[in-house]
Amino acid sequence: DPKPYKCSSCSSALVSQANIAQYEAEIHWKNKPFKCQMCSSSSKRAGKLRNHVWNNHEELGSHPCAECSDMYDDSLTLQDHVVTKHKEQPA
C-alpha cells in the first residue's frame, strides 16, 4: 500500500506519519493556536496567520529606503532594492 498511514478521523491515507499528523491538525483540529495580535482572528498554521496580517493589517509603502526616497511594502523587497540599486548588503 503506497499510503499506509490512515487518518484517525476520516478515510484519508497518506505516505508518512508526519503527513498524517499535519493533515489531522489542519483538517480536523478545532484548536487555532496562532492568534492575531491586532484582531480576533486565529489560525491553525503560522503561515496563514502571516498572510492574514499582511493582507489585513500591514500598511503598504511603510518601509522607506535610507539611501533614496523609494518606499516598499515589506522589508524583503526593501532589502532586495538596497542590494540591487545601492550595491550594499543590508545590516
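**A chat about a predicted model**

User: Got it. Where does Asp1 sit?
Analyst: Asp1 belongs to the segment before β1, the strand at residues 5-6.

User: And what separates the C-alpha atoms of Asp1 and Leu78?
Analyst: A distance of 49 Å lies between those two C-alpha atoms. Along the chain, Asp1 and Leu78 are 77 residues apart.

User: Okay, zooming out. How many helices and strands are there in the protein?
Analyst: You'll find three helices and six strands. Starting from the N terminus, their order is β-β-α-β-β-α-β-β-α.

User: Nice. What about the radius of gyration?
Analyst: For the protein, the radius of gyration is 20 Å, whereas a compact globule of 91 residues would be near 12 Å. If you box in the C-alpha atoms along the principal axes, you get roughly 60 × 35 × 15 Å.

User: What share of the residues is buried?
Analyst: Buried residues account for 16% of the 91. The accessible surface is about 6,900 Å², and carbon and sulfur atoms contribute 50% of that.

User: And what about contacts between residues at least 24 apart?
Analyst: Those come to 0% of the contacts between residues at least 6 apart in sequence.

User: Let's pick a residue, then. Why does Ser43 count as buried?
Analyst: Ser43 has a relative accessibility of 8%, so it counts as buried; the cut-off is under 20%.

User: Which element holds Ser43?
Analyst: Ser43 is part of strand β4, which covers residues 42-43.

User: What does the side chain of Ser43 reach?
Analyst: The Ser43 side chain reaches the backbone oxygen of Arg45, at 2.9 Å. Setting aside neighbours within four places in sequence, Ser43 also touches Lys32, Pro33, Phe34, Lys48 and Leu49.

User: Which residues is Val15 in contact with, leaving aside its neighbours within four places?
Analyst: Val15 is in contact with Pro2, Lys3, Pro4 and Tyr5.

Definitions and conventions:
Residues are numbered from 1 along each chain as its sequence is written. This is a predicted model: local features need pLDDT of at least 70, side-chain atom pairs count only at pLDDT 80 or more; totals for chains, interfaces and linings use all residues. Side-chain values use heavy atoms; hydrogens and water are left out. Helices (H or I, at least four residues) and strands (E, at least two) are DSSP runs, numbered from the N terminus. The radius of gyration is taken over C-alpha atoms; the globule rule is 2.2 Å times the number of residues to the power 0.38. Buried means under 20% relative accessible area, exposed over 50%, partly exposed in between (1.4 Å probe, protein chains only). Contact means heavy atoms within 4.5 Å. Accessible areas come from the Shrake-Rupley method with a 1.4 Å probe; for residues, only the protein chains shown count as cover. A polar contact is a pair of N or O atoms within 3.5 Å; within protein, one must be able to donate a hydrogen and the other to accept it, and residues adjacent in sequence count only if both atoms are side-chain atoms.
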